[in-house]
Amino acid sequence: MLFAVLARKAYARNLQYRGSHLLHNAVSAVFGFIYASIWTGLGSDSSLGVYGAKGMVGYIAFNQAILWITQFTTNGLGLEQSVRTGQIAIDLMRPVHLFYQAMSREWGQIWYQFLYKFIPIYVLYYFIFSLQLPKQASVYGWTVLALILASYISICMNYLIGVASLWTTESRWFYWVNYSFSMLLSGFFIPIEWLPAWLRTISFYTPYPYLLYYPTRIYLQLENGSVVLGALLWSIGFTCACLAVTAGVRRKLEVQGG
């Protein structure tokens with residue numbers, strides 16, 4: 001199966017850099033520890049709503065760990081580089097849809113980051129902060145589904161960013177704009193319900209809460225698993241957008257080649 005082959009190749013490529021990725025893990029863990037310490041200090045003077053000081057530490061710890069599988073996907077899925085080198089022409093000539101190729105490779109990357117970044121970081125936090133794990137199996141099931149959909153939404157967003165390079169030749173700024181909005185509107189720095197009313201409203205009308213906020217709240221048993229329906233609808237919408245844009249890419253490439 002082509003999907004498995006492409007994913008496995010991406011996974012194997014990342015294995016060559018496990019040493020340098022350990023440094024990434026250390027830095028990420030330190031940032032998470034700083035954020036958790038800040039909220040611990042704030043919790044000494046405030047109840048911190050439904051979370052409490054302990055709950056906010058768990059919120060930050062899980063958020064920091066899942067960043068690697070829901071946020072830190074490849075910039076543009078590597079399509080910008082393909083456009084610069086001309087590899088995109090060969091990719092479009094292959095009897096496989098461009099979106100399917102890019103998505104398959106990225107799933108291999110995400111699987112690697114789940115095993116070598118998400119798990120080590122969260123296990124470290126588990127012992128440092130004495131975190132409590134959910135006791136209901138259904139919570140894990142809903143959390144896994146929410147994370148899979150979150151990863152897929154992130155893949156689609158980065159695919160659209162990468163494809164934009166056929167029109168702009170430089171789509172990296174799209175990536176950083178998306179990253180900035182994501183950090184603000186996904187509930188990473190602060191739970192969305194604590195944002196100003198106008199910003200909270202904007203956030204709930206975007207896909208960003210489904211990347212971090214809702215998966216984390218499901219895991220903390222503060223949200224019903226049915227909220228993944230929203231992530232599913234966004235996934236369907238993004239899939240349609242990716243397929244439509246790819247059709248336009250083929251015509252764009254033909255015009256350039258002509």
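Author: Let's begin with burial: a residue is buried under 20% relative accessible area, exposed over 50% and partly exposed in between, using a 1.4 Å probe and protein chains only. By that rule R217 is buried, because its relative accessible area is 10%. This is a predicted model, where local features need pLDDT of at least 70 and side-chain atom pairs 80 or more, while totals for chains, interfaces and linings use all residues. Residues are numbered from 1 along each chain as its sequence is written, and side-chain values use heavy atoms, without hydrogens and water.

Side chains of opposite charge can pair when their charged atoms come close. A salt bridge needs a side-chain nitrogen of Lys or Arg within 4 Å of a carboxyl oxygen of Asp or Glu. The structure holds 2 of them. In one, the side chains of E193 and R217 meet with 3.4 Å from N to O. That pair joins distant parts of the chain, as E193 lies in the loop between α9 (172-185) and α10 (197-204) while R217 is in helix α11 (residues 213-219), 24 residues away. Helices here are DSSP runs of H or I with at least four residues, numbered from the N terminus. R217 also forms a salt bridge with E223, and here the closest N and O atoms are 2.7 Å apart. Together, E193, R217 and E223 are linked in a network of salt bridges. R217, by contrast, is buried.

A pocket is an open set of points on a 1 Å grid over the protein atoms alone, with protein on both sides within 12 Å along at least five of seven lines, and its lining residues have an atom within 4 Å of a point. Here the lining comes to 19 residues, and those nearest the centre are I69, F114, F118, V144 and L147. Three helices, α3 (52-70), α6 (98-128) and α7 (137-163), each supply at least two lining residues. The biggest contribution is that of α6, at 9 residues. Sorted by class, the lining has 17 nonpolar and 2 polar residues, and no charged ones. Nonpolar covers Ala, Val, Leu, Ile, Met, Phe, Trp, Tyr, Cys and Pro; Asp, Glu, Lys and Arg are charged; the others, Gly among them, are polar.

Which residues does I69 touch beyond its neighbours within four places in sequence? With contact meaning heavy atoms within 4.5 Å, the partners are I110, Q113, F114, L147 and S151.

Rings of Phe, Tyr and Trp (its six-membered ring) pair if their centres lie within 6.5 Å, with planes under 30 degrees apart called stacked, over 60 edge-to-face and the rest tilted. Across the whole structure there are 27 aromatic pairs. Y51 and Y59 make one of them: their ring centres are 5.4 Å apart and their planes stand at 70 degrees, so this pair is edge-to-face. Both Y51 and Y59 are buried. W111 and F114, on the other hand, form a stacked pair, at 5.5 Å centre to centre and 20 degrees between the planes. These two residues lie in helix α6, 3 residues apart, or about one turn of the helix. W111 is partly exposed, because its relative accessible area is 47%. F114, at 25% relative accessibility, therefore counts as partly exposed as well. Stepping back, W111 and F114 belong to one aromatic cluster that also takes in F62, F118, Y122, Y140 and Y219.

Note on methods
On a 1 Å grid over the protein atoms alone, a cavity is a set of points where a 1.4 Å probe fits but cannot get out, and a pocket is an open set with protein on both sides within 12 Å along at least five of seven lines; lining residues have an atom within 4 Å of a point.
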